[in-house]
Amino acid sequence: MKKYLATFLAVFLATGTAFAADTLKVGVQAPITGSYANEGQGIENGVRLLAEQVNADGGVMGKQIEVLVCDDQGTAMAAAICAKDLVNKGAKMVIGSYTSTCAEAAQKTYFKAGVLQTSDGTADSLTENGYWTFLRNSFPNSAEAEFVAKYLVDVKKYERIVVISDFSTYADGLANATEAAIKKMGGNVISRDKIKADSQNFTPVLTNIKSKNPDAIFFAGYYSDGGQLRAQQVALGIKADFYGGDANDNPDFVKLAGSSATGAFIVNVPEPAALPTPIAKSFIADYQKKYGEMPPSIWGLMNIDGMRAIIHAMEQTKSFDTKKAADYLHNMSEPLEGITGPIAFAKDGNRKGGAYVVKKIQADGTYFNEYVQ
Amino acid sequence: MDTFLQQLANGLTIGSMFALVALGYTMVYGVMRLINFAHGDMVAASAFVGLTIYTQVMGQATSLVAVVAIFLLTAVAMAIVGIILERVAYRPLREAPRLSAVVSALGASLVIQNGIMLIWGPRMRIFPELVPQVYWDFGGVVISMIQVIILVLSLVLMVALYLFVEKTRIGAAIRASSIDQDAARLMGINVNSVIALIFIIGSSLGAVGGLFIGLYYRGITFNMGWQYGLYAFIAAILGGIGNIPGAMLGGMLLGLFNAFIAGYVSSTWADAFTFILLILILIVRPTGILGERVAEKV
């Protein structure tokens, strides 16, 4: 009996490894369900589309890409479980997650296993641990904070600014960085408030803010709260201009705020439809053809660029060794042409460059570029 | 002063939503001595049903007639779901130990929550702007049309329910069943019908509450029932569970308490203080505010 079991195990393991050798496993760790499902599904769809395209061209150095998806629900606890799961399943690289909180919770597991991780998480803390496995495909909060502070204080000359965030790694980090940057420039932050994500009822906080008579509100949080916050701000008759940070750049923001969305501003890198390069246009056209809708936001595309960069690095180094790929990416002589602009990484894993846009929401729900950096 | 009055208006709005949902808990408890944990999820489900009725049945019409029709159709649909829930999850366990019924209620809650997720998906769904965005400014205190509608309609429904229970023959049957089911049966009251009626009323009121949540906040998610269910449950205990005016009072007080804590202490701590309040009530006055003075429990 023992012998049979041994034979069975040997055969099983042999086929298992043989199977693993045939494919390049790419993990997706994203919020497929929960409040940020819209973005998580955008990441999954994008990765599947790119994998399909790469596989149709013969794969990565002859290996077909196999996509493994794990739903982190936007919570740190599920993210940590996902990380273990994807590592155990043999992923060489993981795309995601959408939120900094989830990317952070999974980071260490990927680092220990030598699995490359590329996330659009913008919290500065993500690159502060010095993990060589982590590649940020977006631009860090500190860059956005500098831009926002400069815009609010120097360009718009607001004198009474309120900064609001929730408690997530991303939002709190962005709000703190923005507050510090505004103060450094001599601006006046009259209130720094926090809301609980998903709690829906923000009127108590806004009522207090109203009594302080602000002229600008900067909300560093997610669209699912941002849209409701904006609607409740208008309902309370607070005349201040509303600025949403990058994570408010989602069609659901406008739907949630309804007619109150008009006149609100959103700060982000340029949106998918405005991306000028041929590579962006063709990928977005393919995406629309396959899924019948636009990518929900720029974030999914940023993640796709991260994945493209890693595949590019593997092909350039002619190896599936993740360390070699990471070294290559940290020392690229010239950037790779990406969907969201040129991609190159600094030694600490941050993406280089980045320009921001202030978009004003029009009465019909579309954006008007108010200010381009 | 403006800030205080504004917080008061906010508190009353969310308080009336809590109260509507709390009535469902308290009526079922009054007659069956059962905490219907599925009630919060029924409320969430009604928001989704209302949205579907708007898009599929009403053809996205936004007239007053259409809005009224959405409320009526949703209430009817949820009343039917309520009867099915009682038949499937609670009636077979009526003679079983109380714990079995509570576990069944928790199970029903999970079934409904996951059912919403399977039917409507895990994404946040967004309610249309059915009530025009009209605001009135009373010297710094801004009140919106939707707030007025929520407050007035809730009060009308609560007064109507109170009169129904206190003044009609069927109301007397409900009260009798809540005092002693066996004696009520001996008096010729069909207790099964009374319980079905309780579920119809509770579910329809919950449906109105769910639609208010959708209309007021606009964003609805499949798992929001848990949050509103919990608040309404606390409201029911605060007012004295099993007591109809108690649930109304409890809901309003909880809404005000929440608004003032969030406004004057910290929005972060609003939930924590709410639970501290619950613990205090259970220690100091386990029967709730109106629990003892009103002898009859319905």
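Mentor: Start with R94(B) and E86(B). They form a salt bridge, with the closest N and O atoms 2.6 Å apart. A salt bridge here is a side-chain nitrogen of Lys or Arg within 4 Å of a carboxyl oxygen of Asp or Glu. The two partners sit in unlike surroundings. E86(B) is buried, at 1% relative accessible area. R94(B) is partly exposed, at 21%. The cut-offs are these: buried is under 20% relative accessible area, exposed is over 50%, and partly exposed lies in between, with a 1.4 Å probe and protein chains only.

A word on the ground rules. This is a predicted model, in which local features need pLDDT of at least 70 and side-chain atom pairs count only at pLDDT 80 or more, while totals for chains, interfaces and linings use all residues. Residues are numbered from 1 along each chain as its sequence is written, chains are lettered from A and ligands numbered from 1 in the order in which they are written, and side-chain values use heavy atoms, with hydrogens and water left out.

Over all chains, the search of the whole structure finds 18 salt bridges.

Another of them is K156(A) with E370(A), at 3.7 Å between the closest N and O atoms. K156(A) lies in the loop between α5 (141-155) and β6 (161-165) of chain A, and E370(A) lies in strand β12 (residues 367-372) of chain A, so the pair ties together parts that are 214 residues apart in sequence. Helices (H or I, at least four residues) and strands (E, at least two) are DSSP runs, numbered from the N terminus. K156(A) is partly exposed, at 27%. E370(A) is partly exposed as well, at 30%.

Now cross between chains. D252(A) and R123(B) meet in a salt bridge, 3.9 Å from N to O. D252(A) lies in helix α9 of chain A, and R123(B) lies in the loop between α4 and β1 (125-126) of chain B, so this pair joins two chains. D252(A) is buried, with 3% relative accessible area. R123(B) is partly exposed, at 27%.

Helix α9 of chain A leads us to a pocket. With residues 251-257, this helix gives the most to the lining of the second largest pocket: 4 residues. A pocket is found on a 1 Å grid over the protein atoms alone: it is an open set of points where a 1.4 Å probe fits, with protein on both sides within 12 Å along at least five of seven lines, and lining residues have an atom within 4 Å of a point. The volume of the second largest pocket is about 450 Å³. A volume is the space filled by probe spheres set on the points, which are joined across faces, edges and corners. Of its 21 lining residues, the closest to the centre are N250(A), P251(A), M294(A), P295(A) and P296(A). By class, the lining has 9 nonpolar, 5 polar and 7 charged residues. Ala, Val, Leu, Ile, Met, Phe, Trp, Tyr, Cys and Pro count as nonpolar, Asp, Glu, Lys and Arg as charged, and the others, Gly among them, as polar.

Next, the largest pocket. Its volume is about 920 Å³. It has 36 lining residues, and the closest to its centre are S35(A), A197(A), D198(A), N223(B) and Q227(B). In chain B, α4 (98-120), α9 (224-239) and α11 (270-284) are the elements that give two or more residues to this lining. α9(B) gives the most, with 6. Domain 1 (2-139 + 275-330) and domain 2 (142-268) of chain A both give residues to the lining, so the pocket lies between them. Domain bounds come from an automatic or database domain assignment.

Finish with the cysteines. There is 1 disulfide over all chains. The cut-off is a pair of cysteine sulfur atoms within 2.5 Å. C70(A) and C82(A) form this link, S to S 2.0 Å. C70(A) lies in strand β2 (residues 64-71) of chain A and C82(A) in helix α3 (residues 76-88) of chain A, so the pair ties together parts that are 12 residues apart in sequence. C70(A) and C82(A) are both buried. Their link is left-handed, with -80° about the S-S bond. What about C102(A)? Its sulfur is 8.3 Å from the closest cysteine sulfur, in C82(A), and that is too far for a bond.
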